[in-house]
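User: I'm new to this one and would like a careful walk through it. Could you put it up first?

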Amino acid sequence: MGKEQDVLRYYFRCFRDDGLSSKLGEGVNLSYQEMERGIVSEEFLRRLLKSGKLEEGEIEYHVCPVVLMHEKDKFQTVAPLYIPACIKDGRFFPIPHRPPYISREYLSPSSEDKVAVGSVEKMDRYVMKHPYMAQDHWEEAWHYAEEMFRAVTGSTMRTFAIKGYARSETGRVIPLPEKPQGSAIESAYQELLSQDRLPVLLKEYLSLEDREKVPLLSAEAGADKHLGQMNGVFPLSDGQRESLHHLFSIENGEILAVNGPPGTGKTTLIQNVVASLWVEAALQEKEPPIIVAASTNNQAVTNILESFAKEGMLSESHSSEWMEKIKKLRGRWLPDVKSYGIYFPSSDKAKKLQEKGHDYQIVRFNGENFMEGLEERWKFHELKNKFIERYQQFAKRSAHSIKEIRAHLHEELKKTHQAILDGMELARKLEDGRKQLHAEFEGSLETLQKREQEWKEQLEEKDRLLDQTEALKQAWRAFRRKEPLIWKILSLFTSVEEKREGRNREFIAQWREKAPFVFSSFSTSSIEQSIVHYHDEVRKDWEETSACLQKAKALLHTLNEGKKEFNRWLVAFGRTGTDDLPDLGSVLRELDRTLRYEAFLLATHYWEARWLEEVEGLPRLEQIREKRPTPKERRIELYHRYAKLAPCFVSTLHMLPQIMSVWQKDPLAYEKNKGKTEYLFEVIDLLIIDEAGQVAPQIAAPSFALARKALVVGDTLQIEPVVSLPSAVDVGNLLGFKVMKDLSQLEDMEAKGITAAKGNVMKIAQRRSKYQKNELAGGMFLAEHRRCVPEIIGFCNSLAYDNNLIPARPNEHKYDFLPHMGYADIEGQAEADGTSKFNVMEAEAIASWLKRNKEKILDRANRKAGSKRELGEIVGIVTPFRYQSTLIKAFLSECGIEGITVGTLHAL
């Protein structure tokens with residue numbers, strides 16, 4: 001399978017190595033001297049054997065020579081350094097490409113409140129300059145570990161000390177388990193590595209090549225496939241719309257990256273991707289798509305769930321027949337269904353939610369299952385009756401069956417779809433008209449009207465000239481007909497020609513004042529030529545002017561009729577007409593607020609009817625099946641049924657391989673537990689990964705195997721993935737699994753975004769997207785920012801986004817005693833505590849300022865009626881240093897201020 005297989009094996013190893021120190025357990029004690037020599041005593045081997053941790057051969061041990069214990073709490077230890085090794089014949093041997101490392105949790109910067117012995121920067125610098133070459137000799141591994149430790153910590157292994165900690169007399173030898181830890185991701189990796197063919201989307205994700213970019217689509221391309229909108233108030237922004245249209249163009253096995261800086265509407269985009277695909281499947285009367293939105297960030301998962309639980313809003317407008325129809329369509333006709341999303345949490349998360357109460361539609365196959373509850377017979381009949389009741393209120397007619405209701409809703413949906421297509425046709429006509437207006441009339445309707453009047457006047461003048469020229473032409477022909485025949489016969493004789501010219505003088509004399517041009521000669525041929533030429537020129541000029549006039553009239557008619565049609569449309573939807581000339585964007589925005597929202601509501605109830613039909617028919621279906629479906633087939637059927645009520649499945653990436661798998665019992669085995677896990681590879685129609693800049697590549701890889709297409713949304717300029725994998729281990733794995741040949745390729749691998757320690761899913765998606773909106777990165781770009789006031793986002797825009805963001809929030813000034821973005825210079829001295837820094841005066845100044853201004857802040861924040869926000873909901877304090885965070889918290893406590901989040905960016 002080539003390089004992709006190497007990358008997959010590399011990710012599997014890195015996934016298992018991530019957070020090594022937390023996976024290693026306690027281990028067996030060994031003296032520092034024995035560790036250094038690499039020769040272990042029989043007594044040590046007996047202890048390993050007694051502990052069950054001795055396995056000769058390929059088992060990997062991690063030798064930890066430096067262990068410190070807190071002087072007041074012996075269970076609080078610091079064990080930063082590990083040397084991978086194997087044991088053969090009572091000796092330690094290095095493992096090629098498995099270099100010594102300092103655990104990531106002890107390197108700054110860190111999101112954890114841990115002692116830092118050095119920095120990631122120092123560790124990376126050493127690894128880059130010193131490739132690990134140890135092969136057969138333990139001395140080489142020990143020397144490498146010693147030099148690396150000195151470079152990172154500034155101390156030797158033997159003399160290393162931390163204030164408040166006592167040095168243990170012994171180190172530890174800890175086995176790394178080779179068997180799976182029971183992780184769904186780990187099991188999925190093993191299944192993928194055992195297969196002969198990798199799923200297409202996973203292969204795309206694992207590719208090391210940079211995908212060739214293709215031109216972006218036109219503004220209207222893909223708009224016909226935008227069929228659903230989840231609310232009737234806010235239309236898509238230009239960036240959201242462009243991203244949506246480009247998503248509709250990708251094929252199976254392709255990835256689209258959408259770069260979404262903070263506050264640019266990533267969640268709204270996800271909502272309307274789901275809405276459109278759901279409506280499309282309803283129109284085609286297919287099974288609903290299986291769409292999964294996932295992330296490693298719990299806040300991202302919660303945001304998606306909460307957005308799918310919100311009632312679709314309706315814009316304020318005048319009363320109209322359409323508005324009354326929409327009011328009856330809004331909301332669910334199955335009242336127990338609260339959201340368009342289903343949540344698949346882990347067992348621990350589900351337990352916590354159950355303890356504190358929640359509103360999520362949870363599905364756990366061995367626990368709380370919202371969807372199963374709906375299908376219980378007593379509940380089902382209640383839901384069916386309420387559904388019919390709501391339908392009859394909408395349709396103002398009785399219904400005899402769910403099938404009849406479903407058919408009627410589908411007809412209504414088709415009509416709405418046709419109206420959307422009609423709206424798109426109007427949009428295209430208006431867009432073509434606007435393009436012509438810009439190309440030929442400076443984009444001005446006034447210019448067009450002025451030119452039309454000018455051409456009209458010119459045509460009237462040319463009509464007069466043409467009539468005059470036509471009269472001259474006819475008069476000349478009549479004059480020629482009266483010429484003696486003999487002159488024509490003898491025209492070659494000079495005397496005859498002179499007579500003809502004399503006669504022609506009479507004609508010219510008669511037309512001298514009336515002719516529109518001057519005759520240059522009296523010869524018959526010259527006069528004939530002049531009249532015919534001038535007549536042809538006038539005719540041509542008349543035709544050109546007439547064509548310009550007709551084109552101007554046609555364009556005016558198109559624009560005026562389009563404007564009238566647009567206004568009739570607005571009035572029908574209960575909105576106010578406009579005097580402005582509509583364009584493509586204005587029509588598309590109104591489609592979002594009206595017909596696309598209507599289509600989504602109709603599709604919602606169509607799917608509810610389909611669900612009712614299916615659940616009601618399940619007992620009968622089981623009786624008439626000719627072939628019993630496999631567990632995998634049953635699970636796919638089940639998920640399609642769930643998707644009829646909730647089109648978006650929401651999960652963490654850690655849980656996704658588990659929910660997309662089933663247990664397939666071995667039919668030939670007597671034992672009940674004999675069988676294997678079957679994965680639903682390439683079953684998800686669309687995988688959406690949110691906050692992908694915070695997702696490590698090795699966490700997401702198995703999830704790509706489960707899907708056909710992927711929409712990857714995020715921002716590489718925000719928080720990076722939280723990874724505990726030491727860079728030394730990552731580099732060793734890159735070399736060991738032949739992803740790169742030597743260290744000279746490391747920089748390129750990091751630029752590609754594939755490395756487990758420093759890469760992220762967003763970088764990979766940017767590289768593998770076939771579209772590129774701007775120079776910042778591959779993929780599409782959401783530019784309109786609506787969260788921060790312009791002064792704040794302007795700083796980020798200039799610093800990180802090359803001024804590609806468009807501030808879209810009004811410049812309100814809520815806290816009038818503060819600038820939107822300010823700076824206070826505090827005189828103080830920065831001090832160091834190990835690798836952490838602190839400044840006492842700054843910490844005290846922050847706490848004192850908050851104490852003085854607490855009441856002002858609360859007053860401004862709670863001016864709205866009923867608002868009772870606490871200070872901790874309004875103020876957050878960010879510092880890059882752990883010790884500074886501790887100081888600030890202490891000073892705040894002295895000031896009587898509690899509940900404020902203080903810490904690194906990860907704390908917010």
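Analyst: What follows is a short talk about a strand, a helix residue and the cavities.
Analyst: This is a predicted model, in which local features need pLDDT of at least 70 and side-chain atom pairs count only at pLDDT 80 or more, while totals for chains, interfaces and linings use all residues. Residues are numbered from 1 along each chain as its sequence is written, and side-chain values use heavy atoms, with hydrogens and water left out.

User: Which strand is joined to E5 by 4 bridges?
Analyst: That is strand E6 (residues 91–94), which runs antiparallel to E5, and two strands count as paired if DSSP finds at least two bridges between them. Lys88 stands opposite Arg91 in E6, and in the hairpin of these two strands, with 2 residues between them, Asp89 takes a positive phi near 55°.

User: And what about E2 and E7?
Analyst: Strand E2 (residues 60–64) pairs with E5 in the antiparallel sense over 3 bridges, with Tyr61 opposite Ala85 in E5. Strand E7 (residues 101–102) also pairs with E5 in the antiparallel sense, over 2 bridges, and there Leu81 stands opposite Ile102.

User: Switching topic: is Gln271 buried or exposed?
Analyst: Gln271, which is found in helix H10 (residues 266–284), is buried, with a relative accessible area of 11%. Leaving aside neighbours within four places in sequence, Gln271 is in contact (heavy atoms within 4.5 Å) with Met230, Ser307 and Phe308.

User: How many cavities of 30 Å³ or more are there?
Analyst: The structure holds 3 of them. On a 1 Å grid over the protein atoms alone, a cavity is a set of points where a 1.4 Å probe fits but cannot get out, and lining residues have an atom within 4 Å of a point.

User: What lines the largest one?
Analyst: The largest cavity, with about 90 Å³ of space, has a lining that includes His97, Tyr132, Tyr144 and Leu743. The largest share of that lining, 4 residues, comes from helix H26 (residues 727–736). By class, the lining has 9 nonpolar, 3 polar and no charged residues.

How values were computed:
On a 1 Å grid over the protein atoms alone, a cavity is a set of points where a 1.4 Å probe fits but cannot get out, and a pocket is an open set with protein on both sides within 12 Å along at least five of seven lines; lining residues have an atom within 4 Å of a point. Grid points are joined across faces, edges and corners, and a volume is the space filled by probe spheres set on the points. Ala, Val, Leu, Ile, Met, Phe, Trp, Tyr, Cys and Pro count as nonpolar, Asp, Glu, Lys and Arg as charged, and the others, Gly among them, as polar. Buried means under 20% relative accessible area, exposed over 50%, partly exposed in between (1.4 Å probe, protein chains only).
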